[in-house]
Amino acid sequence: MGQSARQQRRVAVVTGGLTGIGLAAAKALADQGHHVAVGSRQADNVHAIEDARAVLGAQAHISRLDVASQPSVDAFTAMVRHHFGPPTILVNAAGIYREAFFPDHSDRDWLDQIEINLNGPFRMIRALWGDMLEAGWGRIANVASTAGSVGAAGYAAYCASKAGVIGLTKSVGVEGAPHGINCISVSPTWVETPMMDNAIGRIAKDKGITPDAARERLTRSNPQGRLVQPEEIASLIGFFCTDASLGLTNVDIQINAGADW
Ligand SMILES: NC(=O)c1ccc[n+]([C@@H]2O[C@H](COP(=O)([O-])OP(=O)(O)OC[C@H]3O[C@@H](n4cnc5c(N)ncnc54)[C@H](OP(=O)(O)O)[C@@H]3O)[C@@H](O)[C@H]2O)c1
């Protein structure tokens, strides 16, 4: 039997799947024939949903999820399980970043980034662990960042949260190994998404340059002289969610185009 004939249609959950890397990952999984459920805080934003449906197709399910709230995680995962069956693919793409030099981090800035970027994936994995255990198969892809492996001025909470995601990934990978549950983190450099657009706005303001000039600066700062696209992250996640990735777990994979950060 060929590889493609062995792939099953599975239920996939993608957090932060209305935009950027999450949306591209949701599309890659929908294109593989999986039933995709997207969770976002903006699931009542008609325009955002229309835009996502244009990419994902009418079948994709989109509903409200705040990964910072345990009741929201419980309600979302119960709804997906009830309507579509037990999810065995999880992509944790939801994330935020706020810049401030370390002494200027407010408690709110620190706690929000840890809460969403690190505690969020922990809650989601814990909520779906039983489904994957029962299936004897699972794929968990956590979108971390090169920021989890290097430091940078102005990003202490973000770096700490992403370093935490890499540690979480490795522990879950070890615990999942005997049960057919694989867990990786994918760590990109700058990727052209709404999150990067925010960074460009900030750079333009700080340096007194136009947003186009700031974008050009970011582009030139990459050794490949280009901005990585969300689809590049999604294609690795797509491969990871096939049976061909049997031994791929317990690892952080960078998509950095030659950059350290
Ligand atoms: N772009 C980059 O350069 C880059 C580089 C390395 C890593 N990353 C990581 O990649 C992931 C995706 O980011 P992106 O670049 O695609 O930016 P993005 O388009 O801003 O995506 C982030 C998504 O997270 C969602 N989100 C934020 N807080 C949430 C919460 N509490 N509950 C549920 N969803 C939440 C947002 O949707 P709502 O606001 O609607 O909820 C948004 O759709 C993030 O984890 C980010 O840290 C990005």
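**Figure 1. Alanine 93 sits in the loop between strand 4 and helix 5 (107–135).** Helices (H or I, at least four residues) and strands (E, at least two) are DSSP runs, numbered from the N terminus. This is a predicted model, in which local features need pLDDT of at least 70 and side-chain atom pairs count only at pLDDT 80 or more, while totals for chains, interfaces and linings use all residues. Residues are numbered from 1 along each chain as its sequence is written. Alanine 93 has 30 other C-beta atoms within 10 Å and is buried (buried: 20 or more other C-beta atoms within 10 Å of its own; exposed: 12 or fewer; partly exposed: in between; C-beta atoms are placed from the backbone). Residues up to four places away in sequence aside, alanine 93 touches Val14, Thr15, Gly16, Gly17, Ile21, Gly22, Ala25 and Val143 (contact: C-beta atoms, placed from the backbone, within 7 Å).

**Figure 2. The largest nonpolar core has 55 residues.** Such a core is a set of buried Ala, Val, Leu, Ile, Met, Phe, Trp, Tyr and Cys residues joined through C-beta atoms within 7 Å. Val14, Ala25, Ala26, Val36, Val38, Ile233 and Ile237 have the most contacts inside it. Alanine 25 is in contact with Val14, Gly17, Val91, Ala93, Ile233, Ala234 and Ile237, when its neighbours within four places in sequence are left aside. Another core, of seven residues, lies apart from the largest one and includes Tyr97, Tyr155, Tyr158 and Cys159.

**Figure 3. Strand 1 (residues 11–15) is joined by bridges to strand 2 (residues 35–40) and to strand 4.** Five bridges link strand 1 to strand 2, and the two run parallel. Valine 11 is opposite histidine 35 of strand 2. Strand 1 and strand 4 are also parallel, with five bridges between them. Here valine 13 has leucine 90 as its bridge partner in strand 4.

**Figure 4. Strand 4 and strand 5 run parallel and are joined by four bridges.** Leucine 90 has isoleucine 140 of strand 5 as its bridge partner. In strand 4, six of the six residues are buried, and the strand is mostly covered. Strand 5 is largely enclosed by the rest of the structure, because six of its six residues are buried. Gly138, Ile140 and Asn142 point to one side of strand 5, and Arg139, Ala141 and Val143 point the other way.

**Figure 5. The protein chain is divided into domain 1 (8–191 + 229–254) and domain 2 (192–227).** The bounds come from an automatic or database domain assignment. Between the C-alpha centres of domain 1 and domain 2 the distance is 25 Å. Ten residues from domain 1 and nine residues from domain 2 take part in the contact. The domain 1 side of this contact has five nonpolar, four polar and one charged residues (nonpolar: Ala, Val, Leu, Ile, Met, Phe, Trp, Tyr, Cys and Pro; charged: Asp, Glu, Lys and Arg; polar: the others, Gly among them).

**Figure 6. Glycine 201 belongs to helix 7 (residues 194–207).** Glycine 201 counts as exposed, because 12 C-beta neighbours lie inside 10 Å. Its C-alpha atom is 31 Å from that of isoleucine 184, which is 17 residues away along the chain.

**Figure 7. Asparagine 250 and alanine 257 have positive phi values.** Asparagine 250, in the loop between helix 9 (230–240) and strand 7, has phi near 60 degrees. With 18 C-beta neighbours inside 10 Å, asparagine 250 counts as partly exposed. Alanine 257, in the segment after strand 7, has phi near 50 degrees. Alanine 257 has 17 other C-beta atoms within 10 Å and is partly exposed.

Conventions
Two residues are in contact if their C-beta atoms, placed from the backbone, lie within 7 Å. Two strands pair if DSSP finds at least two bridges between them.
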